[in-house]
Amino acid sequence: MKSEEVLDLIKHGENSSVEFKRDEISSESLAKEMVAMTNLAGGKILLGVADNREIVGLSRSDVEEWVMNIARQNIFPPILPHFEILEDFKEEKKIAIVSIPVSPAKPCRVIHKNRKTVYIRVGSTVREPSDEELLQMLQANQRLNYGKILLTETTLEDIYFKRTKQYLETNLRLGLGNSDKDILQTLENLELIASHNGEYVSTINGILLFGKTPKKHLFQAGIRAVVYRETLENYDIVEDSTLDDPLVPEIDENGRVMEYGLIERAIHFIGKHCPSKTELTGARNIETSEFSNVLLRELIVNSLVHRDYTIAGADILLSIFPDRLEIKTPGRLPNGATIEALKKGFRYYRNQTLVNVLRDYGYIDARGMGIRLKIIPSALELSGKEPTFIATDTDFTVIIFRP
């Protein structure tokens with residue numbers, strides 16, 4: 001790095017990706033900082049800079065060897081930071097810049113006294129993660145299939161058995177006849193149910209897809225849908241509802257929807273508050289919907305299959321304003337995903353089983369590039385404006401402007 005760049009980092013102070021440290025700290029303390037950064041999004045540790053931004057310089061003669069030994073011996077799995085020293089500061093004081101990469105095997109842990117401990121970075125502070133935050137890291141790095149976790153308080157009575165049978169026979173075209181035993185075995189093979197203490201219980205995926213009241217067993221299931229009278233969030237609302245349905249509908253032998261699933265329920269909610277309009281085409285009045293079903297289905301399906309279900313305290317939030325539609329999905333974008341990448345067709349699957357089943361129902365096509373091929377063109381056709389995408393450390397929001 002150039003001196004000017006380092007001075008600019010110091011000027012702006014510590015944040016989630018920049019940390020100042022004297023090199024007099026213990027090996028364990030530096031290991032904590034390195035692990036917390038690699039478990040987040042990487043960053044830079046400036047050794048020789050005090051917390052008050054004063055450049056105090058380095059005191060160790062073996063600082064590079066010390067840092068690399070910590071990265072290799074005090075961190076599991078080991079990481080490989082980039083190390084450099086800048087010498088052209090006033091009074092000949094040196095600064096070491098330790099650039100921490102994102103670990104491909106996170107969560108990384110600090111090894112200390114035969115104990116391995118995970119640390120995360122929140123702003124400019126370091127702490128141990130909560131159970132929920134640890135689950136999020138494991139799932140984000142595909143080291144945990146959260147949807148396979150058993151909901152041990154459930155029974156087969158908590159699942160729409162008719163819908164599961166329809167799925168197997170109509171969508172997967174499995175000739176199971178009327179044998180409940182074969183149906184249960186197939187659902188177990190698909191990891192939608194599992195045996196527990198001699199009885200069948202549902203997995204998280206099973207409840208999300210086919211559960212009678214998913215939120216009863218999984219608080220973060222469903223969608224909160226709010227309609228505002230004004231363009232700002234306030235208490236002046238038209239409706240505030242919780243949509244609690246299984247993801248998939250009940251269908252007949254011809255594929256027609258007999259009972260809504262959550263996707264249809266959300267589309268119906270939007271249609272109720274954004275009614276169709278009449279356009280004069282030639283000599284006829286033609287009824288058209290404000291939002292196309294293609295656009296709405298893509299928005300809702302994306303939020304349902306890509307949300308981070310390990311975040312228990314947040315719902316998918318569907319908000320309708322006079323000038324726009326917003327869908328906020330809990331969970332940060334996974335490593336490698338950016339808004340620009342998504343616009344160009346970047347694909348990622350946080351919940352592969354949900355994607356597979358909804359694809360079997362025709363909600364998702366094989367290309368998996370809905371933002372590029374469906375959402376952006378449909379939004380432009382609707383209002384002439386591109387949708388707005390907002391990614392934060394906690395959620396991902398899509399805003400569609402109304403005409």
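What share of the chain's accessible surface belongs to carbon and sulfur atoms? The answer is 48%, out of about 20200 Å².

**Figure 1. Overall view of the predicted chain.** The model is predicted. Its secondary structure comes to 13 helices and 22 strands. Along the principal axes, the C-alpha atoms fill a box of roughly 80 × 60 × 40 Å. Of the 403 residues in the chain, 48% are buried. Take the contacts between residues at least 6 apart in sequence: 62% of them join residues at least 24 apart.

**Figure 2. The largest nonpolar core.** This core has 65 residues. L318 and I400 touch the most other members. Helix 10, residues 293-306, gives the most to the core, with 7 residues. In soluble globular proteins, nonpolar side chains tend to be buried together.

**Figure 3. Close-up of L318 and its contacts.** Residues up to four places away in sequence are not counted here. L318 touches I223, R224, A225 and V226, among others. Its contacts also include A266, F269 and I270. L325, E326 and I327 are touched by L318 as well.

**Figure 4. Another core, apart from the largest one.**

**Figure 5. Charges of the chain.** The chain carries 51 positive and 59 negative charges.

Technical notes:
Residues are numbered from 1 along each chain as its sequence is written. This is a predicted model: local features need pLDDT of at least 70, side-chain atom pairs count only at pLDDT 80 or more; totals for chains, interfaces and linings use all residues. Side-chain values use heavy atoms; hydrogens and water are left out. A nonpolar core is a set of buried Ala, Val, Leu, Ile, Met, Phe, Trp, Tyr and Cys residues joined through side-chain atoms within 4.5 Å. Buried means under 20% relative accessible area, exposed over 50%, partly exposed in between (1.4 Å probe, protein chains only). Helices (H or I, at least four residues) and strands (E, at least two) are DSSP runs, numbered from the N terminus. Contact means heavy atoms within 4.5 Å. Accessible areas come from the Shrake-Rupley method with a 1.4 Å probe; for residues, only the protein chains shown count as cover. Lys and Arg count as positive and Asp and Glu as negative; His and the chain ends are not counted. The place of a charge is taken as NZ of Lys, CZ of Arg, CG of Asp or CD of Glu.
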